[in-house]
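The sequence and the structure come first, and the notes follow.

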Amino acid sequence: MSTIPRLVIAAPASGSGKTTVATGLMAAFTEAGLTVSPHKVGPDYIDPGYHALATGRPGRNLDAYLCGTDQVAPLFLHGAASADLAVVEGVMGLYDGASGLGELASTAQVAKLLRAPVVLVVDASAQSRSVAALVHGFASWDPEVRLAGVILNKVGSDRHEELLRAALDESGVPVLGALRRAPQMQTPSRHLGLVPVAERQAEALESVRAQAAQVREGCDLKALLALAHSAPELPGTAWDPARAVAQGAEGAAAVPGKPVVAVAGGAAFTFSYAEHAELLAAAGAEVAVFDPLRDERLPSGTQALVIGGGFPEVYAPELSANAPLRRAVVALAASGAPLVAECAGLLYLSRSLDGKPMCGVLPADARMSQRLTLGYREAVALEDNALAVAGTRVRGHEFHRTVLEPGAGTSPAWGMTHPARRVEGHVQDGVHASYLHVHWAAEPSLARRLTRNAAARPPLETLCG
């Protein structure tokens, strides 16, 4: 059993301001001297970057679809270890989950799994007394969800606030804050959501500070902290990466020799779950982060390469101009070393992106599209490869506005089984490249297999020498 003070910040719908409020609360409590653990419901990579900036701790995702309901509390306990307070930002509307699957992966489900009180952020800009009916509906819809307070957002004036508070007095749900409309709190967006922290570090820090200041002024932090402390004990054991990679037929011992696994980072490749690096390290790897926008070489001794998601389409000219690094990636791939690429990494390994030369490891070309591809997926590995053995089943997430032609190679990375049956991605030699984002905490064998395959390869300097 563990007692971690915790709050879930939810909303009736997307666009209500829960990211602003959650990040502002994280920053305000951190500035007050508390150690705050930040969490995000769902597969989103961008919001956790702002959470990390606000708290100084890794932003972590809690996704009941990707990782399973039984992993939500253990992953939370792992991330929140030694924290004074945990703040969990929800996804979409409170009761919105995976399409067609009821409450699965919804904020409401995660709140119940965490036994955490919920604070509802309501966009009050175009209503007054009706806010009470809205809050009453959300509070009564599922009696297992403890909707314990409301924060009113985008309040127009003192008189407007009086009307809203008077109406909510009748609902029985206390008002824990009221925030005025504040343009300076807006965070810029583009085709896939907010602009990541890594692309606007100074401006993002200023934005987070502004959010903290407005939350301090408009919210009852003392009452919110007391509410967090009212959360009951949470049963279960914290997730542990070493224990996770030790499970399975390949045995418990970490790979000897500390094979170097290079992981792409920087502004172009910001999408990664914190647990991935932890699993690689637990499996015996030395994780070496590099920036394909700036570094002309792969890290010393590289034996495997992981290129996650991000925005290569924004930086295509700069990525293309770094010809020395592109040549190093090609040499590594030609050696048969493991290269695992997700979404942005898939595009980087292609021949071209919007006409700009990329690495050319894959016989495919990528371009921007007006169509958004978005949704949860179920998939199976069709053959043994650098990442997975044939038959490995995973749940993943697609999120992109690009098209790769051809989308699948002669040896596809995955056979999609839900919501539609199709093949996707490319497997060739040691390369596994796909649009599918997978959370390795749900399938630790991926990190273990990648690390073992890395250990079997000679270091990069040996290849080049």
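Where does Pro 419 lie? Pro 419 sits in the loop that runs between strand 18 and strand 19, the latter covering 422-424. The model is a predicted one.

## Cis peptide bonds

The bond between His 418 and Pro 419 is a cis peptide bond, with omega at about 5°.

Another cis peptide bond links Glu 405 to Pro 406, and its omega is about -5°. Pro 406 belongs to the loop between strand 17 (393-405) and strand 18 (414-418).

## Positive phi at Lys 258

Lys 258 is a residue other than glycine with a positive phi, near 50°.

Is Lys 258 buried, partly exposed or exposed? Lys 258 counts as partly exposed because its relative accessibility is 47%, a value between the cut-offs of 20% and 50%.

## Positive phi at Asp 429

For Asp 429, which is likewise not a glycine, phi is positive and near 50°. Asp 429 is placed in the loop between strand 20 (426-428) and strand 21 (431-434).

Is Asp 429 buried or exposed? The relative accessibility of Asp 429 is 68%, so this residue counts as exposed; the cut-off for that class is over 50%.

Terms used
Residues numbered from 1 in each chain as written. Predicted model: local features only at pLDDT ≥ 70, side-chain atom pairs only at ≥ 80, totals over all residues. Heavy atoms only, no water. Helix = DSSP H or I, 4+ residues; strand = E, 2+ residues; numbered from the N terminus. Buried < 20%, exposed > 50% of the residue type's maximum accessible area, 1.4 Å probe, protein only.
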